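Colleague: I would like to go through this model with you, beginning with the ligand and then moving to the aromatic residues.

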Amino acid sequence: MNLKLKIWRQKSVKVAGRFETYTLSGVSDHASFLEMLDQLNRQLISEGQEPIEFDSDCREGICGTCGLVIDGVAHGPSDTTTCQLHMRTYKDGDTITIEPWRAGAFPVIKDLVVDRTALDDIIAAGGYISVNTGGAPDANALPIPKAVADKAMDAATCIGCGACVAACPNASASLFTGAKISQMAVLPQGEPERAERARAMIAKMDEYGFGNCSNHGECEAVCPKSIPIDVIAMMKREWVRSIFK
Ligand code: SF4
Ligand code: FES
C-alpha cells in the first residue's frame, strides 16, 4: 500500500505543534499500525530527519502503553489497542491522520507521546490494598462467590491506557477511576480501606483537572477492554457512601 500520513509533530509542551504530511510506500497489509510507524521512522532516519516519537511496550494489547488518536478516534477503527490495529484495515491510497491523546491532564512530551502520570497518581492515592502485618493470605483462602469475582475481574481488566480520557468531550477519567475503585469495592479484601480509597482517588482525579462525567458514553465506546460505564455509577455510589463513613 501507498499511504499519506498526517502526523502531529510537537517538540515539547512549551512549543506549538502542527501537522506534517508524509508519504509512505510499500506498507504490507500484514504489518501492525505501529510497525507501519516503525517503517516511516526508518525512512525518516535514512533521510536525515527526526523520527516520530510514539509510545509502545508489549505490542500485545495488555500493557496500556500505546495510544494514538487515529482519524479522530482513540485507538483508531478497531475495538482494541493501537498496537493491535493492523494495516489490513486500510487500503492503498488512504490518508490517515494521527494525533496524541488530547487532555489538559495529559501534557504532550513530544510528538505523539503524552505524560500520563496523572493516572499513576490516581492509583497511588488509594488504588491498592494495604497488608500491614504478616504475609498476604493465599488467594483461595477467602471464598468469593463467582458473580462477585466476575464483577471485580471485569473492572480489573482496565489497562490504564487513557483512551477513555482522550475520547471524552470533558476529558473525564471517570471510567478509569471507576474501574479501579470498583474492582476493590466489591471484594472483601478491599473493605477496610473502601471509603478512604474512594475519597482519595476521586480527590486526586479532581486535583488533576479531569472533567466530570456527563454520560456521553464515548469512553465505553473506545475502551479496548470493554469496561462498562456502570463502573462510573458505582464510583459515584462509593463516593456518597464514603461521606457517611
Ligand atoms: S477504562 Fe478502558 S479506556 Fe480507560 S484506561 Fe482503562 S482500559 Fe483504557
Ligand atoms: S503496547 Fe502494550 S497495549 Fe499496546
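Colleague: Which residues surround ligand 1?

Modeller: This is a predicted model. Helix H4 (163–167) and helix H5 (174–185) are the elements that give two or more residues to the shell. By class, the shell holds 10 nonpolar, two polar and no charged residues. The residues around ligand 1 are Cys-158, Ile-159, Gly-160, Cys-161, Gly-162, Ala-163, Cys-164, Leu-175, Phe-176, Cys-223, Pro-224 and Ile-227.

Colleague: How many disulfides does a search of the whole structure find?

Modeller: A disulfide requires a pair of cysteine sulfur atoms within 2.5 Å. The search of the whole structure gives zero.

Colleague: Is Cys-158 buried or exposed?

Modeller: The cut-off for buried is under 20% relative accessible area. Cys-158 has 14%, so Cys-158 is buried.

Colleague: Are the rings of Trp-8 and Phe-19 stacked or edge-to-face?

Modeller: Planes over 60 degrees apart count as edge-to-face. The ring centres of Trp-8 and Phe-19 are 5.1 Å apart and the planes stand at 80 degrees, so the pair is edge-to-face.

Colleague: Which parts does the pair of Trp-8 and Phe-19 tie together?

Modeller: The two residues are 11 residues apart in sequence. Trp-8 lies in one strand and Phe-19 in another, so the pair ties together strand S1 (residues 3–9) and strand S2 (residues 18–24).

Colleague: Which residue has its charged end over the ring of Trp-8?

Modeller: Trp-8 itself is buried, with a relative accessible area of 14%. The charged end over its ring, 4.2 Å from the ring centre, is that of Arg-102.

Methods: Residues numbered from 1 in each chain as written. Chains lettered and ligands numbered in written order. Predicted model: local features only at pLDDT ≥ 70, side-chain atom pairs only at ≥ 80, totals over all residues. Heavy atoms only, no water. Near = heavy atom within 4 Å. Helix = DSSP H or I, 4+ residues; strand = E, 2+ residues; numbered from the N terminus. Nonpolar A, V, L, I, M, F, W, Y, C, P; charged D, E, K, R; others polar. Buried < 20%, exposed > 50% of the residue type's maximum accessible area, 1.4 Å probe, protein only. Phe/Tyr/Trp six-rings, centres within 6.5 Å; stacked < 30°, edge-to-face > 60°. Lys NZ or Arg CZ within 6 Å of the ring centre and 35° of its normal.
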